Amino acid sequence: MKEFRVELPNKPGALANLSVAMAENLINVRSIAGIANGNPSKISFVVDQDELMRATLQENNISFEEIDILTAQLPDQAGELGALTEKLTEGNVNIESIFVLDKSAGKVDIAFTCDKPTDAKLLMGELYKEE
């Protein structure tokens, strides 16, 4: 699973155009985050079809960065994210981005990128979820 960090012009229609192209290629968004702090805007996507997303971005001449993400499943209760991030901090792992992928049945699935993914997998233990 990948995070696609996309640069789009900060103007009306830019996200709509990409969203339509994604829909035409049957790409489903699992999570999205963005900020328009100047031009270009930065938008991060986690999708269900990485190869199609890559091809869609390339076909539309959209600048992007592709990063491997890790996933974890946490109990959906106060303090669980804090416990996970404390474990990562103790291993000197820096989280670079984080997303909620799903929330159901008392569980929350998260995805994140970090500077030391191998260390993060070990530190997460049973919380690590292979996607």
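This is a predicted model: local features need pLDDT of at least 70, side-chain atom pairs count only at pLDDT 80 or more; totals for chains, interfaces and linings use all residues.

In which helix is T56 found?

A: T56 is found in helix α2. Its relative accessible area is 1%. Buried means under 20%, so T56 counts as buried.

Now the neighbours of T56. Leave out residues up to four places away in sequence, and T56 touches L18, A21, M22, N25 and I27. Three of these, L18, A21 and M22, sit in α1 and take part in the meeting of α1 with α2.

Next, the two helices themselves. Helix α1 covers residues 14-24, and helix α2 covers residues 50-59. Their axes come within 10 Å. They cross at roughly 135°. That angle makes α1 oblique to α2. The crossing is right-handed. The residues of this contact divide into five nonpolar, one polar and no charged.

One more residue of α1 deserves a look. A23 has its place in helix α1 too. Its relative accessibility is 48%, so A23 counts as partly exposed. T56, by contrast, is buried at 1%. A23 also gives a sense of distance across the chain. I98 lies 75 residues from A23 along the chain, and their C-alpha atoms are separated by 24 Å.

Helix α3 (residues 80-90) packs with helix α4 (residues 117-124). The angle is about 130°, and the axes are 9 Å apart. That makes α3 oblique to α4. This crossing is right-handed. On the α3 side, the contact is made by L84, K87 and L88. On the α4 side, the residues are A120, L123 and M124. By class, there are five nonpolar, no polar and one charged. Lys counts as charged, so K87 is the charged residue here.

G91 lies in the loop between α3 and β6 (95-104). With a relative accessible area of 23%, G91 is partly exposed. Setting aside neighbours within four places in sequence, G91 is in contact with K116 and L123. L123 also belongs to the α4 side of the contact with α3. G91 and G125 are 34 residues apart in sequence, and their C-alpha atoms are 13 Å apart in space.

Finally, the setting. The chain has four helices and seven strands. From the N terminus on, the order is β-α-β-β-α-β-β-α-β-β-α. The C-alpha trace spans about 40 × 30 × 25 Å along its principal axes. Of the 131 residues, 33% are buried, and T56 is one of the buried residues. Among contacts with a separation of 6 or more, 66% join residues 24 or more positions apart. The accessible surface comes to about 7600 Å², and 48% of that belongs to carbon and sulfur atoms.

Key
Residues are numbered from 1 along each chain as its sequence is written. Side-chain values use heavy atoms; hydrogens and water are left out. Axes are lines fitted to C-alpha atoms, for helices over the stretch in contact, and angles run from 0 to 180 degrees between N-to-C directions. Angles under 35 degrees count as roughly parallel, over 145 as roughly antiparallel, 65 to 115 as roughly perpendicular and the rest as oblique. A crossing is left-handed if the near helix is turned anticlockwise from the far one by less than a right angle, and right-handed if clockwise. Contact means heavy atoms within 4.5 Å. Buried means under 20% relative accessible area, exposed over 50%, partly exposed in between (1.4 Å probe, protein chains only). Accessible areas come from the Shrake-Rupley method with a 1.4 Å probe; for residues, only the protein chains shown count as cover.
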